[in-house]
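Here is a friendly briefing to read with the viewer open. Please take a look at the sequence and the model before going on.

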Amino acid sequence: MAILSRREADLLLYGASEVATPVGPAPLTGRRLGQLRVIKDGAVAVKDGRIVAVGRTDELRRSFTAEEELDVSGQTVVPGFVDAHTLLVFASEGFRPEELRMKIEGLSYMEILARGGGIMKTVRATRAAPEGQLVRECLERLDLMLLHGTTTVEAKSGYGLTVEDELKCLRALRRADEAHPVEVVPTFLGAHAVPPEYEGHPWDYVELVVSEMLPKVAEEGLAVFCDVFCEKGVFTPEQAREILSAGLKHGLRPKIHADEFSDTGGARLAAELRAASADHLLCSSEEGLRAMAEAGVVGVLLPASPLTTMLGRFADARRMIELGVPVALGTDFNPNCPVENMQLVISLACYCMKMTQAEALAAATLNAAHALGLSDRLGSIEPGKKADLVVLDVPGHEHLGYRLGTNLVRHVVKSGVLVVENGELIY
Ligand SMILES: [Zn+2]
């Protein structure tokens, strides 16, 4: 009788009622966005931090011996969530719970700002905080995100708005990344707002961003992307073009906060600059969206943001998918949108933007990884990819999105290591 030689694995997840994953190559557009690969009675084999095989449990148990096995019967395995847009780093004193009441009473964003609230409150707190505090608070937030299944997170600066404070925030992000299993992809957003010191002469602030901040950020290798808040009353498309072009010269790929409250041509500018992503997109023109589709710019949609801003409307995800824009999701975690949980965002994508559960899962994993330039190594459960896996305590992927506001995460594997077990951090 022939002796079958079985391959060795470090970890074998087996017996899953479903392994559900989008399948590359990314980005997924149009109909491909909703086409998941679903394996019933599924298993995943992991070796050296990477996925080596995905298949049915009987097949994988025949072909692998594993040092560690994890029985996930009755549960669903999906890729780790990639949160494509957050402002992770700010001092906790910069949270703004008092503003919810003002919003309920009908005060606008500008009125709240005039009362000394809004983003400037967070900026003051963040400027006053030492780097060590920012690191500690980032780590606490990353723990929460990980417990909800996020394994990679994009994180922007933007609450320093001075040379030293922007660098401090980006250094804090780097230290948090080094100390935590969740992967942090840093973005320089020095152009998040015009600070009060520059009120009335925004071009001088643009000049500071371009000639002082960007070279230092690049020199220390503190960011992968450069982002600008392109919006009426914040930065114009001309200012955004200036900053993002300078970023490109320093090797930072562009991202843009585009057309959130009005159509300022942000989507068009993103296409022109071949940005990695344009984010928000509530008010983008059809022409801008078509240009994005043609240029392959990912549209990062953040449904928790208009919800917490009480706008009463959402980005037109269905139209974007129809036009061939690659759609991704993020929390937009920040003091105005205190949401760490990507499962909630997936639900909002379904209930508020009419994406299917399958589309929302692909947008929160593979396409989100693409928005971070990482889709060749994360975002799906395919051999060769990083073993970032989430085990959900539900019998099928359609529960994700459908179930609203409950943490369904049972286990999380990051780079092949079990870091959340039975809902608790064990790293
Ligand atoms: Zn944002």
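Predicted model: local features only at pLDDT ≥ 70, side-chain atom pairs only at ≥ 80, totals over all residues.

**Overall build**

- Taken along the principal axes, the C-alpha atoms fill a box of roughly 85 × 45 × 45 Å.
- Of the 427 residues in the chain, 60% are buried.
- Among contacts with a separation of 6 or more, 72% are between residues 24 or more positions apart.
- The accessible surface is about 16300 Å², and carbon and sulfur atoms account for 51% of that surface.

**Nonpolar cores**

- As background, nonpolar side chains tend to be buried together in soluble globular proteins.
- Here the largest nonpolar core has 113 residues, and F188, L301, L329 and M355 are those with the most contacts inside it.
- Helix α7 (residues 202-219) provides the largest share of this core, with eight residues.
- A second, separate core has 17 residues, including L13, V44, V46 and I381.
- Which residues does L301 contact, leaving aside its neighbours within four places in sequence? They are H280, L281, A315, A317, M320, V327, A328, L329, G330 and M353.

**Aromatic pairs and charges over rings**

- How many aromatic pairs does a search of the whole structure find? The search finds six.
- One of these is formed by F95 and F333, with 6.4 Å centre to centre and 75 degrees between the planes. That angle makes the pair edge-to-face, because planes over 60 degrees apart are classed that way.
- F95 sits in the loop between β6 (81-83) and α2 (98-104), while F333 sits in the loop between β13 (327-329) and α13 (342-353), so the pair ties together parts that are 238 residues apart in sequence.
- Elsewhere, K255 lies over the face of F225, at 4.7 Å from the ring centre.

**Helix α10**

- Helix α10 covers residues 286-295, and its buried residues are G288, L289, M292, A293 and A295.
- As a reminder on geometry, an α-helix has 3.6 residues a turn, so residues three or four places apart point the same way.
- After α10 comes G296, which has a positive phi, near 70 degrees.

**H148**

- H148 is found in the loop between α5 (131-147) and β7 (150-156).
- Is H148 buried or exposed? H148 is buried, because its relative accessible area of 17% falls under the 20% cut-off.
- Leaving aside neighbours within four places in sequence, the contacts of H148 are F81, N341, Q343, N407 and V409.

Technical notes: Residues numbered from 1 in each chain as written. Heavy atoms only, no water. Phe/Tyr/Trp six-rings, centres within 6.5 Å; stacked < 30°, edge-to-face > 60°. Helix = DSSP H or I, 4+ residues; strand = E, 2+ residues; numbered from the N terminus. Lys NZ or Arg CZ within 6 Å of the ring centre and 35° of its normal. Buried < 20%, exposed > 50% of the residue type's maximum accessible area, 1.4 Å probe, protein only. Contact = heavy atoms within 4.5 Å. Areas by Shrake-Rupley, 256 points an atom, 1.4 Å probe, with all protein chains shown as cover. Core = buried A, V, L, I, M, F, W, Y, C linked by side-chain atoms within 4.5 Å.
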